[in-house]
Amino acid sequence: MPDGRPVEGSVWFYEPSKVAPAIFATLFLLTGLWHTYQCSHYRAWKITGLHPFCCTLFIVGFAVRVYGAWDIDNVTVLIVSTICIYSAPPILELANYHVLGRILYYIPYHAPLHPGRTLTTFGTLSFFVELLNGLGVAFLTNPNIPQSRQDLGHILMKTALITQIFVMLMFVAIVGVFHRRCRKSGIKNKNVDGVLVTMYISTFYIMTRTVYRVVEHFGVSRAPADPGPAWDPMTLSPVVRYEYYFYIFEAGLMLSNSLLWNTRHPRRHLPQDYHVYLAQDGVSEMQGPGWSTEQSWLMTFIDPFGWFAGKKGPKQKQFWEENGYGGGNGHEEIAYGGAEGADVPLVRRERQEV
C-alpha cells in the first residue's frame, strides 16, 4: 500500500503490482530473444549462452509474480517467483567469468591466471553461492516450516550474499590487475578496452543489486520471529515495505545488465577461435597453438594462479614470444613456431569487427 503498511493476508508484505511484473516479463522476453539471435548469429553460445537462460528465469519469475499479484496469500507462488528471480544474478556473474576467460585467451601474456580455469574457479564459488541462496530462499519464504529452519534460512542467505560480494570483489581485482598490465605494456586496444568496460559496468550493476539484497535481508531478519501485538511493522526498513525498491534495484538493474550485453556484445570485438590472440604490438592478431601448460587439469583447477607450480606455472609455454613475435615486431605475414617447437602457423592479420 502507499503508506508502506503490511497488507492483511499478503505473503509479500504489501499488495504486489499487477502491471509491473507483466511489463518486466515482456521486456526480459524481448532481450532474451535478442540474446538468442546473437548467440546464433555470432556463434557465441559458449561465451554468452547463459544470458538467454537467465532471461528465461526472469521471465518465469515475473510471470509467476503476475499470478501472485492476484493470489496474494499463495506461499508456493512466492517461493517459485523468488527462487527464479534470485537465482539469475549469480548466473549472470558466471557469464562475466566466461567473457574474462575469453579475453585472457586473447591476451595470454598478461593473464593473471590460467584462462581455462577462470570459469571453473569462479564457477565453483558461484555454485556454492547458488546452493546457499536457493536453500535460504526456500526456508525463508515458507512460513509453514519450523522456526529453526527459518533461522537457518536467514543464516544461509546472509552467508550467500556476503560470499557473493566477496567473489565479485575478487573478480574485479583480477580484471583490474589484467587491465593494469595491458596499460603498463602499452596495449590500448579499443576492442579489449570496450569489452573490459562493459564487464566493469555489468559487475557494478550486479554488485549494486547484491548490496540492495543485503540491506533488504538484514532488514527482514530484524523482525521478531513471533511478533506480538506491540510490535510495529513500520519499524522495518522502507526497502522491505515498499515494492518499488525491488523494481529499481532488482528488476531494473538486471534488465539494464541484459540490454548492456545486447548492445555491447563481446563477439563483435573478440574472435571466435580461442587460438587467435593479440600480438604484443596491440594491433595484429596471430593464430597460435592456444594456451598449454605441463600441469594437469586437476592441478590447474586447484592452483589456477600457478602459485605452487614454480617454473612450471601456467605461463611456462610462452608461444607469443617465439620466432621474433615478442615485443610487437610481428611484421611477417606467416611464421611457424609454437609450444615445444611444433609447426603451428602464427598468422598475422588486422582485427575486424563482426
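Predicted model: local features only at pLDDT ≥ 70, side-chain atom pairs only at ≥ 80, totals over all residues.
Let's look at one cysteine, C55. Its nearest cysteine sulfur belongs to C54, and that one is 7.2 Å away. The cut-off for a disulfide is 2.5 Å between the sulfurs, so C55 is in no disulfide. C55 is also buried, at a relative accessible area of 2%. Another cysteine, C182, counts as buried too, with 2% relative accessibility.

Okay, on to the rings. We get 18 aromatic pairs in this model. The one I'd like to show you is Y212 with F249: the pair is stacked, with 5.7 Å from centre to centre and 25° between the planes. What I like here is that the pair links distant parts of the chain. Y212 comes from helix 7, residues 190–221, while F249 comes from helix 9, residues 244–263, and the two are 37 residues apart. Now, is Y212 buried or exposed? Buried, at 5% relative accessibility.

F24, F28, F58, F62, F246 and Y247 together form one cluster.

Find R102 and you'll see its charged end sitting over the ring of Y274, 4.4 Å from the ring's centre. Then there's R209, which lies over the face of Y86, and here the distance to the ring centre is 5.8 Å.

That's my tour, folks. Over to you.

Notes. Residues numbered from 1 in each chain as written. Heavy atoms only, no water. Buried < 20%, exposed > 50% of the residue type's maximum accessible area, 1.4 Å probe, protein only. Phe/Tyr/Trp six-rings, centres within 6.5 Å; stacked < 30°, edge-to-face > 60°. Helix = DSSP H or I, 4+ residues; strand = E, 2+ residues; numbered from the N terminus. Lys NZ or Arg CZ within 6 Å of the ring centre and 35° of its normal.
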